Amino acid sequence: MERELDFMTDIAAALMRCGSPTTRTETWVSRIGQKLGFEVETAIIYTVIYITIKDINGNSLTITKRTGDLSSDFNKFIKIDRLIKEFIDGKINFEDANAELKKIVNESYTYPIWIRIIAAALVCGGFEYLLIGGLMSAVASMVLGALVYSVSNYIRLLDNRFFQQFSAGIMISLGAWLLLPIFKGSTLSGIISGAIMLFVPGLLITNGFSEISQSSVVSGTVKESEALALLIALVFGISAGTVFIGGMKF
Amino acid sequence: MKILFQSLIAAIASGSFTLLYNATLVDAILGGTVGGLGWFVYSLTAGYGTIAATLISALVIGLTGRIISRIRHIPSQPLIIGGIVVLVPGFTAFKAMNFFIIGEASSGTNLMLDAFLVAASIGTGLIVAVAITSIIFRTIKRR
């Protein structure tokens, strides 16, 4: 019974760390439990997972687990999702599923840094063009976005998201100020608006609302609160940088 | 023509964004396509106002993302997140917070309210899309 519960907890934690929505994770864990012959009660409140299982004899077991830092890894998410489907459909047994899950969780494949830097640049330039519209500002945003993304990859090692956002804000405002005379015709607000798109927690705001409307009120509200805190850190960082420039208004 | 060009840019931006979250190349291309389509619909319906345009666009993104994910047997989240990233009110929320910092609280409040309404309309559009596709998929499965 303990092994089964550990497997369910590991699945839930792995899904949450890959960016799975709370409601989907709860549904999967319940279905895995039912497949294993248990009655299941699951509650996932952002980074904390609570699972209780009960067998046919009435013996029950509860586990509480913290997932730690949440991020998004679509590749792992798709693999774990496929594994769960195979397990529920009976195509793979418990032992193999457990081994496969450990293998997926321990994988650490990411794209080479140069591909991620190019992608970051395209995101920043594309969003600047769509939101503001200046071509030169878009190019400057691409350069700044690529630079800040590469530097923030190292700052990420400090494992403090508030500090990461704050330092990204400072780098963006100072970088925009330095790039302004190089890219003639660009604007400060244009450059900044593109470069910040990698760091603004817009997805967190939207996902938080989606979860609130799907009855995961606590999890959704926590996500909204985190988004607000990250936004404040980013804006404080940009404000700190612009103190040197002499103020800025959008 | 301008709308098509902007949709292409949106597709590249959202595809790149999906790639940053470690999606496979195929999923990133599909996420980008959904994002480009979302921006195309948003631009066409922009005359109805930001909230309505976002709602319709999110609905289209949700429907497209769910159908493609069903065909490819993968979860819809990577495609939908890639698609909606062009609509999320990150920049509006940032501007609102910036207004608060420089002491213009009323402008900040208005913009923050806008940001939450846009987020709400994205969420609503996606939920409606999930509900519609669930009914369709269930009906197909029964036959």
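User: How many residues does chain B have, and what percentage of them is buried?

Analyst: This is a predicted model. Chain B has 143 residues, of which 57% are buried. Its C-alpha atoms fill a box of roughly 60 × 30 × 30 Å along the principal axes.

User: Which elements make up chain B, helices or strands?

Analyst: Chain B contains six helices and zero strands. Along the sequence, the pattern reads α-α-α-α-α-α. Taking the contacts in chain B between residues at least 6 apart in sequence, 61% join residues at least 24 apart.

User: Take one residue as an example. Is B:Pro78 buried or exposed, and why?

Analyst: A residue counts as buried if 20 or more other C-beta atoms lie within 10 Å of its own. B:Pro78 has 29 C-beta neighbours inside 10 Å, so B:Pro78 is buried. This proline sits in helix H4 of chain B, which covers residues 77-84.

User: Which residues does B:Pro78 touch, leaving out those up to four places away in sequence?

Analyst: Within chain B, they are B:Thr18, B:Ala23, B:Asp27 and B:Gly31; from chain A come A:Phe74, A:Phe77 and A:Ile78. As for B:Ile29, 49 residues from B:Pro78 along the chain, the two C-alpha atoms are separated by 11 Å.

User: How many residues does each chain give to the contact between chains A and B?

Analyst: In general, the size of an interface is often given as the accessible area lost when the parts come together. Here the description is by residues: chain A gives 39 and chain B gives 41. On the side of chain A, helices H3 (74-88), H5 (113-131), H9 (202-213) and H10 are the elements that give two or more residues. The largest share, 10 residues, comes from H5(A). By class, this side of chain A has 25 nonpolar, 10 polar and four charged residues.

User: What does A:Val123 touch?

Analyst: Not counting residues up to four places away in sequence, A:Val123 touches A:Gly145, A:Met197 and A:Leu198, together with B:Ala13, B:Ser16, B:Phe17 and B:Leu20.

User: How is a pair of packed helices read, and what are the values for H7 and H10 of chain A?

Analyst: Two packed helices are described by the angle between their axes and the distance between the axes. For H7(A) (residues 161-179) and H10(A) (residues 217-245), the axes come within 7 Å and cross at roughly 35 degrees. The crossing is right-handed. Among the residues making the contact are A:Phe166, A:Ile170 and A:Trp177 of H7(A), and A:Leu230, A:Phe236 and A:Ile245 of H10(A). By class, the contact has 16 nonpolar, seven polar and one charged residues.

User: In what order do the strands of the chain A sheet lie?

Analyst: The three strands form an open sheet in the order E1-E2-E3, with antiparallel pairing. E1 (39-45) and E3 (60-66) are the edge strands, each pairing on one side only. From one strand to the next, the twist averages 10 degrees.

User: How many bridges join E2 and E3 of chain A, and what packs on the sheet?

Analyst: E2(A), residues 48-54, pairs with E3(A) over seven bridges in the antiparallel sense. For instance, A:Val48 has A:Arg66 of E3(A) as its bridge partner. Helix H1 of chain A, residues 2-17, packs on the sheet and touches E1, E2 and E3. The direction of H1(A) makes about 150 degrees with that of E2(A).

Terms used
Residues numbered from 1 in each chain as written. Chains lettered and ligands numbered in written order. Predicted model: local features only at pLDDT ≥ 70, side-chain atom pairs only at ≥ 80, totals over all residues. Helix = DSSP H or I, 4+ residues; strand = E, 2+ residues; numbered from the N terminus. Buried ≥ 20, exposed ≤ 12 C-beta atoms within 10 Å, placed from the backbone. Contact = placed C-beta atoms within 7 Å. Axes fitted to C-alpha atoms, helices over the stretch in contact; angles between N-to-C directions. Left-handed = near helix turned anticlockwise from the far one by under 90°. Nonpolar A, V, L, I, M, F, W, Y, C, P; charged D, E, K, R; others polar. Pairing = 2+ DSSP bridges.
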